[in-house]
Amino acid sequence: MKKHYFLPALIMALFSGSLMAETLLTVNGNKIDSGEIDRQIKLIRQDNPQIPDSPELRNQLLSNTVTRMLVNQEARRLKLEQGQEFKTASENARKSAKEQGADKHADFKQQWDDYQAALLIQAFVSHIIKTNPISDQEIRRAYDESRKYYQGSSEVQLGEILTPNKADAEQAIKDLKAKKPFTDTARKYSADPAVKQTGGINPEFDALKDLEQSVPPIYAAVKDLKKGQFTSTPVVGNGVFGIFYIHDKRPLQLPPFEQVQNNIRRSLQQQKISRAVDALYQKATITPANK
């Protein structure tokens, strides 16, 4: 979801300095404390100890917390917690917790608060979908626009070798030029453990136009390659060296309208939800604690 334009810079400034202050941000007058971010870090690392506690992770968690707070505030302003679906879900969850004895646990209050916050987000999403219905005409128009956009374009099934080691990337290219199979080469040099099973070949096709929009460096490297060809120099980004191989290439054919109309509806709904959240950011007052 789109964020208010100053938020990432503001968060980075907070985490680049001292974390002694307990309050990090206020969102429309409500505080977000460093203890809340610490709690989320602890929960993440309990299940995934390999994930490091980093400024980048804290930035993302704080950003997510701001979004959750804004949505919860708006849901309560709209009195969505008074809706029957919300009440029924809360009652059923409370009953289940009591039957299982979960309500006796020391951390139940925090778990319940988290559950209520998530339930309010669901209520907000349902509210946006119900009050902004997607018409059949919108779905057809989106499909026709996609058909026009992709007309005459191709899609590719890529093989990938990704490694943080430049020497390994260069040696992989030498092996490929020596006619060694791509899958064997990928298993030998790729840093991705999953490649041991897949041989580095993605199961899905990627539209070249989608690559052009999402990852321009990869698009530029593969757009003119034919089936069986590979990038002759590594594509470098974020400290990773990538070699990309065209396992297959074919003209892009959009599925029939009837086959994808429900997916288009969900995509259009998500766009409206994103715009609604963005509107909350635009009118929000978000300030660091020292202001």
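Two strands pair if DSSP finds at least two bridges between them. Strands here are DSSP runs of E with at least two residues, helices are runs of H or I with at least four, and both are numbered from the N terminus. With that settled, strand 1, residues 23-27, is joined to strand 2 by four bridges, and the two run antiparallel.

Before I go on, a word on the model. It is a predicted one, where local features need pLDDT of at least 70, side-chain atom pairs count only at pLDDT 80 or more, and totals for chains, interfaces and linings use all residues. Residues are numbered from 1 along each chain as its sequence is written, and side-chain values use heavy atoms, with hydrogens and water left out.

Contact means heavy atoms within 4.5 Å.

Is Arg-45 buried, exposed or partly exposed? Arg-45 counts as partly exposed because its relative accessibility is 35%; buried is under 20% relative accessible area, exposed is over 50%, and partly exposed is in between, using a 1.4 Å probe and protein chains only. What does Arg-45 touch, neighbours within four places in sequence aside? Ile-51, Pro-52 and Asp-53 are in contact with Arg-45. Its side chain also reaches the backbone oxygen of Pro-49, at 3.3 Å. Lys-180 is 135 residues from Arg-45 in sequence and 41 Å from it in space, C-alpha to C-alpha.

Strand 3 (residues 154-163) and strand 6 (residues 240-251) are antiparallel and joined by 10 bridges. Strand 6 also pairs with strand 5 (residues 235-237), again in the antiparallel sense, over three bridges. Gly-242 of strand 6 stands opposite Leu-162, and Gly-242 is also the bridge partner of Val-235. In the hairpin of strand 5 and strand 6, two residues lie between the strands, and Asn-238 takes a positive phi near 55°.

Notes
Polar contact = N/O pair within 3.5 Å; in protein donor to acceptor, adjacent residues only side chain to side chain.
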